[in-house]
Amino acid sequence: MTATHSSRMLILGSGPAGLTAAIYAARAGLAPIVVQGIQPGGQLTITTDVENYPGFADVIQGPWLMEQMQKQAEHVGARMEWDHIAEVDLSERPFRMKGDGGNLYLGDTLVIATGAQAKWLNLPSEERLKGKGVSACATCDGFFYRGKKVVVIGGGNTAVEEALYMTNHSHDVTLIHRRDSLRAEKILQERLFAHPNIKVLWNREIAEFVAGGEPETLVAADLRDTETGTIERIDLEGAFVAIGHSPATELFRGHLDLDADGYIPVEPGTARTAIPGVFACGDVMDKIYRQAVTAAGTGCMAALDAEKFLAEADFEAKAEAVMQDA
């Protein structure tokens, strides 16, 4: 049996951005509903060690952190719904969302916090070694590879930036690219080529990641020459896949403005989108930083912007009612 759920604020996504928005909205008395989506807790639920989230002296676990955020949101009055939105209608308020099972969600405001996913190489060995030497975020995990031999895979801005970043931790960084030239901006390429601790392997791709030890971790990679097909093995202790991210915005295509990369543009310094009453936060609108702490910050912004929007809308509605009664 289907049901209709209404709220002053509907939040799509339950990562750091969505749950922070929920905490602020609930404390403001807006009784937000959080539709958790297909991956409740977001990307942190597949992240093991977290060492850069403020407030914790020791390493914490990503799933645990998201559990605490959800408990806090529920404690102050947010409601969680385990559903996945299949259809949206942003043509008028309240905004209408339909879940996979047919449930209808109505929101006077909408906060989009559906996040983004790192693009992977889709190798079985990559999947097995995620968190055991293979990562998709150098700024998140680079600290764990201090003094170790690492590689970065990719040829765009993200890959070059991550290779440069890793030189803060390692004196042996190799960029692996499947072509003979980079797509990254010229200034980034110049910095890369000038750095004494970075070397580039051209026309190479990862054929397999190699595990070893007990418990098993990444110890090597088999590289395929994209021109000759020959395989060579290199020893390494860390690999960062940096071939881009895919924001979870397909649901909003045709309903909301998206940029060339599929991200939701917002008004600078706010979480406001092109549609009044619709806000975006976290990795769905941030293609630069993509950190849990910045996602949480934009979630706070989205809730405060939405609260202000509702207050102004309520004031205008009351003023109009008074004028009609006069």
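User: How many salt bridges does a search of the whole structure find?

Analyst: The search of the whole structure returns 15 salt bridges, a salt bridge being a side-chain nitrogen of Lys or Arg within 4 Å of a carboxyl oxygen of Asp or Glu. The model is predicted, so local features need pLDDT of at least 70 and side-chain atom pairs count only at pLDDT 80 or more, while totals for chains, interfaces and linings use all residues. Residues are numbered from 1 along each chain as its sequence is written, and side-chain values use heavy atoms, with hydrogens and water left out.

User: What makes the contact between the side chains of E216 and R128 a salt bridge?

Analyst: Their N to O distance is 3.3 Å, and the limit is 4 Å; the pair therefore qualifies. E216 sits in the loop between strand 14 (204-212) and strand 15 (217-225), whereas R128 belongs to helix 3 (residues 124-129), so the bridge ties together parts that are 88 residues apart in sequence. Here helices (H or I, at least four residues) and strands (E, at least two) are DSSP runs, numbered from the N terminus.

User: Why is E216 called partly exposed?

Analyst: The relative accessible area of E216 is 27%. Buried means under 20%, exposed means over 50%, and partly exposed lies in between (1.4 Å probe, protein chains only). E216 therefore falls in the middle class, and R128, at 42%, is partly exposed as well.

User: How do you know that the side chains of E205 and R178 meet in a salt bridge?

Analyst: For E205 and R178 the N to O distance is 3.3 Å, which meets the 4 Å criterion. E205 lies in strand 14 and R178 in the loop between strand 12 and helix 6, so this pair connects parts that are 27 residues apart in sequence. E205 is partly exposed at 21%, and R178 is partly exposed at 42%.

User: Is D222 buried or exposed, given its relative accessibility?

Analyst: D222 has a relative accessibility of 14% and therefore counts as buried.

User: Which residues are linked with R8 in a network of salt bridges?

Analyst: The network links R8, D108 and D314.

User: How many aromatic pairs does the search of the whole structure find?

Analyst: There are four aromatic pairs. One of them joins F56 and W64, whose ring centres are 5.7 Å apart with planes at 80°, so the pair is edge-to-face. Rings of Phe, Tyr and Trp (its six-membered ring) pair if their centres lie within 6.5 Å; planes under 30 degrees apart count as stacked, over 60 as edge-to-face and the rest as tilted. F56 is partly exposed at 32%, and W64 is partly exposed at 37%.

User: What is the geometry of the rings of Y145 and F240?

Analyst: The ring centres of Y145 and F240 are 5.4 Å apart and the planes stand at 80°, so this pair is edge-to-face. It links distant parts of the chain, with Y145 in the loop between helix 4 (138-141) and strand 11 (150-153) and F240 in strand 17 (residues 238-241), 95 residues apart. Both Y145 and F240 are buried.

User: How do you know that K130 lies over the face of W120?

Analyst: A charge sits over a ring if NZ of Lys or CZ of Arg is within 6 Å of the ring centre and within 35 degrees of the ring normal. K130 lies over the face of W120 at 4.1 Å from the ring centre. R146 takes up a position over the face of F143, at 3.9 Å from the ring centre.

User: What covers the buried residues of helix 5?

Analyst: In helix 5 (residues 157-166), the buried residues are A159, V160, E162, A163, L164 and M166. Their cover includes helix 4, strand 11, strand 12 (173-176), helix 6 (186-194), strand 13 (198-201) and strand 17. In this count, contact means heavy atoms within 4.5 Å.

User: What joins the side chains of R79 and E81?

Analyst: A polar contact of 3.1 Å joins R79 and E81. A polar contact is a pair of N or O atoms within 3.5 Å; within protein, one must be able to donate a hydrogen and the other to accept it, and residues adjacent in sequence count only if both atoms are side-chain atoms. R79 lies in strand 5 (residues 79-81) and is partly exposed at 36%.
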